[in-house]
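Thanks for coming. I have one structure to go through today, so please bring it up on your screens.

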Amino acid sequence: MPGVIVLAGGRGQRMGGVDKASVRLAGERLIDRLLRQLPYGAPVAVVSPYRLGMPQVCESPLFGGPAAGIAAGHAALAGDARATTAVFAVDAPDSPQVLPALHKALGSSGADVAVATLDGSLQPLCALWRTKALTRALEELGDPRNNPAMRLLRLAGTIAEIEATPAVRDIDTLDELRARRERLATQR
C-alpha cells in the first residue's frame with residue numbers, strides 16, 4: 001500500500017477562484033470523493049491552505065505550485081517508510097481508480113515512476129513513484145516553488161506509462177464540472 005499525496009491547494013482560477021477541494025460532485029466534496037477511493041489505511045498527506053476539516057499540510061509559501069505541494073506532502077509522509085508514493089490531484093477525484101494499473105506497471109517495469117496518460121498526454125498528477133526515486137528527484141529539483149510537476153517527472157530515471165480511463169480527467173472549469181455532473185446524473 002502506497003503513501004498518498006493529494007494536491008488540493010490550487011487557486012482554482014479557471015473556476016472563478018474557488019477551493020476545488022470543497023466543490024461538490026454527486027453530493028460530496030471532491031476531496032471526500034478522492035479520499036474514499038484510496039486503499040483503506042493508506043497514509044495520506046492532503047496539501048491545501050484551505051480549511052478542509054481534516055489533517056493537512058501546506059507548502060511554504062502558499063500556492064507554490066504542484067512541485068512545492070508534492071515536496072510538502074512528501075515531507076509530511078517522511079516518517080512512513082513506504083516503498084511507493086502515489087500523487088493525485090483533487091480536481092481529478094476519480095483518479096485513484098487507476099492505482100492498481102499504476103502499481104502493476106511500476107512492479108512489472110522496474111521503472112522509477114508509473115504515470116497515467118490520457119489522450120496521449122502524461123498526467124504527472126496521477127502517478128505512482130518509488131519513494132526513493134521521488135526523494136532523489138526532489139533533491140535534484142532543489143527549490144520546488146513555482147515548478148510544474150512535469151519538471152519533477154523529467155528528473156525521474158525511468159517512466160512507465162499506462163493508458164488511463166477518463167477517471168483521471170481533471171475538472172478545471174465550470175463547464176467541465178457541469179459536464180461531469182450531467183454525465184454522473186445519467187449514469188444513476
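Is Phe 63 buried, partly exposed or exposed? Partly exposed, at 25% relative accessibility; buried means under 20% relative accessible area and exposed over 50%, with partly exposed in between, using a 1.4 Å probe and protein chains only.

Before going on, the sources. This is a predicted model, where local features need pLDDT of at least 70, side-chain atom pairs count only at pLDDT 80 or more, and totals for chains, interfaces and linings use all residues. Residues are numbered from 1 along each chain as its sequence is written, and side-chain values use heavy atoms, with hydrogens and water left out.

Back to the backbone. Most residues other than glycine have a negative phi, and most peptide bonds are trans. Phe 63 has a positive phi, near 60°, and sits in the loop between β4 and α2. Helices (H or I, at least four residues) and strands (E, at least two) are DSSP runs, numbered from the N terminus. Pro 61 is in the loop between β4 (44-47) and α2 (66-76), and the peptide bond from Ser 60 to Pro 61 is cis, with omega near 0°. Ala 26, in the loop between β2 (24-25) and β3 (28-29), also has a positive phi, near 55°.

Now the sheet. An open, mixed sheet of 6 strands runs in the order β4-β1-β5-β7-β6-β8; strands pair if DSSP finds at least two bridges between them. At the edges are β4 and β8 (159-163), each pairing on one side only. Strand β1 (residues 3-7) pairs with β4 in the parallel sense over 4 bridges, and Leu 7 has Val 47 of β4 as its bridge partner.
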